[in-house]
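I opened the file to go through a few strands, a helix, some charged pairs and a surface patch. My notes follow in the order in which I looked things up.

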Amino acid sequence: MRVKAHTHNRFSLNRTLMVTCSGMVMALGAAAALTPAAQAQTAQAQTEEEPQVITVTAQKREQSLQDVPIVVTTLSAKLLQDAGVKDIKDMQVLTPGLTVTSTQNESLTTARIRGVGTVGDNPGMESSVGVVIDGVYRPRNGVGFGDLGEIGRIEVLKGPQGTLFGKNTSAGVINIITKEPAFVFGMDGEATVSNYDGKGVSASITGPLSEDLVAGRLFVAKRERGGFYDVNTGIGPRTLKEDADQNFYTVRGQLLFTPGAHKIRVIADYSKRDENCCATVQTRTGPTGAALNTLAAGNGVAATANPEARLAYSNRPTTQQITDGGVSVEANIKLAWLDSTLTSVTGVRKWKNTNGQDIDYSGADILYRRDNGDFKAHFDTFSQELRLAGATDKLNWLVGAFYADEDLKRTDSYVYGTQYETYLSILLAQALGLPTTTPTVSVLTGRAPGTSYTPGQGALDYYTQESKSLALFTNNGYKFTDQFEVTLGLRYTQETKKMTAIYTNSDGGVGCASALGRSGLLGNAPVGAWATIPAAARPTVVGNMCTFWGNAAFNNRRVSNEVTEKEWSGTLKGAYRFNENVMAYASYARGYKGGGYNLDRAQTGITPDSTLYFKPETVDSYELGLKTSMMNNKLLFNITAFDQTYQDFQLNTFLGTAFVVESIPELKSKGVDADIYWSTPIRGLSVQGGIAYADTKYGSFKASDLSNPARFPQLSLLPGARMSFAPEWTGSLAITWSGNIAENLRASGNIAAKYSSEYNTGSDLIPYKMQDGYTLLNARFGIGAPDQAWTLEFWAQNLTDETYKQVVINAPLQGNGFQSTVQPNGTYYNQALDSNTYDAFMGQPRTYGVTLRVKY
């Protein structure tokens, strides 16, 4: 039986994070005192335990977290397991300042740090936040999305890290380190059942293949789940009544060779997803909703928006098929020369997605993408990183080189549905004051009804991009005294991108061409009904008939471009240790992310843009931090103030007529990050959390500051405003307890919470796209054998069933937001005149289940 949780906001959390956290501390404290055994554990002095040492490799060598002059949030294997983290979306509940969202499908996933990230809808754009898994850079956030398997730890590094990681990143790095093979035999297994028909199994085995020389590890997992949305399929042909389901498997095998002092690790992995994602729900239904419901017999869109119902409207399939696989080899060779280590990391990866989409997000049959391969992306990547590092009493040094070769192929399509022409006729009739039963399109094109935008015809485009990146970098720390150390890093990057684009319209764009030819806009006299349309209104009417997917100007259009960019970046850090418990540091870093090409149709008015190139993104980042250890390293508290200025920030946005990438002249982010790690006096009870304040705003700019001034009206809300997905405050807290409650029984518990203040979810900052502040709460309770031979866990994600929006979008062809003239507020937006329907990709509802773990 399928069980759903639709009682949203029943226990809505709108309090501050501190109130939530204090309640969790008291709850777990009480739980620890329930039994005499727990009371005895609590009574033991904290000093009897080993000091807390958190090891990270953020600077490409093993160090204590408290010795690293970088903002790092580290998540241990135990915490990740206790919190149920399977992928980078799950981990955001444990990381203040990190937001991860998805839109049309889950391959379009975007990670943001301090509000800064790269919208994932355009594969031509690299990520401001890099994802690195076992030393191999993943070229897009969506490529790094998936079951991460057995995780050793995750390090979230905030700010530019170009002198430490092979690929440039301007906002930060999510560094994921999986568990390596062990020379002690072990097996683990897991089985889960949950609501929404969820079920999953995973198993791993590790051990020596040759004593003290070769060890292996194999991990396999299979997970399924029903959809989070109910779907009204409208007039069809879709038959599936749910969406945002899960169905995938993954295999990951490793070999570890340890000849002498050397270490070689070989990893091969493959995963496949065959799912349905992503439909949307209406958050506001505009005037066009009536026409859609007329066409779909009342099943077009929600007459009254109710996101909490999670009822989506989609008459076309949203199939999502993703394959991801690769091989990596990491070799660490000890050299006698300067007692150094040579590290080589080689990665070869292939990733492919094929999707279907209901572009109009309604039950009417207007516009869609087939799931036959006409909407897909394919990445082939090769990367090679070499590092030589060593240390003396005074100097830690590293020099390295990085090379990456990425081949990207994309196919994109827009297909007219059976009701496209009828719906467009209704919209034009309403705008021109004609009866809505008038075949307006036919009247304006002079063609027989149903032949201007023939069902099944449309746009089909092909893109290729070859990227080659070569970098030389160095990162060196010198101790002038035992207390004072200076780190200098420098990087030189050269990147070359070659792209081709081939645009086709299977019907030749005949509807657009006919309308344009009769409109009088080409210098001829207007023909037929066009003569009755005021001259000032004709460009708008033609614009609606020559949308980018039907624009005849793209017929067999070919574009080929190449660019080579060269850039210096680097960092300078100074760290002073007042004593063994307190270190202060100051740093400057310049980050860089390469330019590229907009792999999408882009037009100004109805004229295709002459260039698809967008400029590189750079950032100057200043930080001042303090790292402290107290209570014999039981309590770690780190705080950092930051000030970052981005130049030519790459913004991917929808302008109403086309998806474009515009370079915003300036973006500033300043604030404070604070993290706490506390191994409490209660044995087995630990607390980890943090709080982040970020004031992330666009600088002031005007139309002439943009690469294309015509884009300014739809960006006019941005100057001086808070950036989208940039909450002013975020905070996270995870409380974990484990211990024996009887001679043969062990218990464990974890509560994790994440608070975000309000933020806008749209790149254009339209007020209807705001998300109010909210708190997510996850909980897990386990009971099992003291040696963890078996553990039964009861868990819930989003325990309070908080309803929140990931991303809000303008529903295509369903109204207008921005106006053609400046409004009283000085922008081109007037909320009173906004006629758009708005749709949302919703966050995950409450899920709950039971997991059985076995270990040998």
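I began with strand β45 and asked which way its side chains point. Tyr 838, Ala 840 and Met 842 point one way from β45, Asp 839 and Phe 841 point the other way, and all are buried. I took buried as under 20% relative accessible area, exposed as over 50%, and partly exposed as in between (1.4 Å probe, protein chains only). Strand β45 covers residues 838-842, and five of its five residues are buried. Helices (H or I, at least four residues) and strands (E, at least two) are DSSP runs, numbered from the N terminus.

I noted the sources here. The model is predicted, so local features need pLDDT of at least 70 and side-chain atom pairs count only at pLDDT 80 or more, while totals for chains, interfaces and linings use all residues. Residues are numbered from 1 along each chain as its sequence is written, and side-chain values use heavy atoms, with hydrogens and water left out.

Next I looked up the partners of β45. Two strands pair if DSSP finds at least two bridges between them. Strand β18 (residues 281-284) runs antiparallel to β45 and is joined to it by three bridges; Gln 282 stands opposite Asp 839. Strand β44 (residues 805-810) is also antiparallel to β45, with five bridges, and Asn 810 stands opposite Tyr 838.

I then turned to helix α5. This helix (residues 420-432) has 13 residues and reaches 18 Å from its first C-alpha to its last, close to the 18 Å expected at 1.5 Å a residue. The expected span is 1.5 Å times one less than the number of residues. Among the buried residues of α5 are Tyr 420, Tyr 423, Leu 424 and Leu 427. What do the buried residues of α5 pack against? I found α4 (289-295), β23 (367-369), β25 (395-416), α6 (440-445) and α8 (538-545), with contact meaning heavy atoms within 4.5 Å. Just after α5, Gly 433 takes a positive phi of about 75°.

I looked up charged pairs next. A salt bridge is a side-chain nitrogen of Lys or Arg within 4 Å of a carboxyl oxygen of Asp or Glu, and the structure holds 46 of them. Arg 853 and Glu 190 meet in one (2.7 Å, N to O). Arg 853 lies in strand β46 (residues 847-855) and Glu 190 in strand β11 (residues 186-194), so the pair ties together parts 663 residues apart in sequence. Both residues are buried. They also belong to a network of salt bridges with Lys 86, Arg 223, Arg 780 and Glu 793.

I checked another pair, Asp 695 and Arg 722, whose side chains meet at 3.2 Å, N to O. Asp 695 is buried, with a relative accessible area of 19%, whereas Arg 722 is partly exposed at 23%.

Last, I looked at the surface. A nonpolar patch there has about 950 Å² of accessible area together, and its residues include Phe 484, Tyr 576 and Met 630. Patch residues have over 30% relative accessible area and no salt bridge; like charges are joined within 9 Å, nonpolar side chains (Val, Leu, Ile, Met, Phe, Trp, Tyr) within 5 Å. Areas come from the Shrake-Rupley method with a 1.4 Å probe, and for residues only the protein chains shown count as cover. Strands β28 (557-579), β34 (617-630) and β35 (635-654) each supply at least two patch residues. Phe 484 is found in β27 (residues 484-505) and is partly exposed, at 31%.
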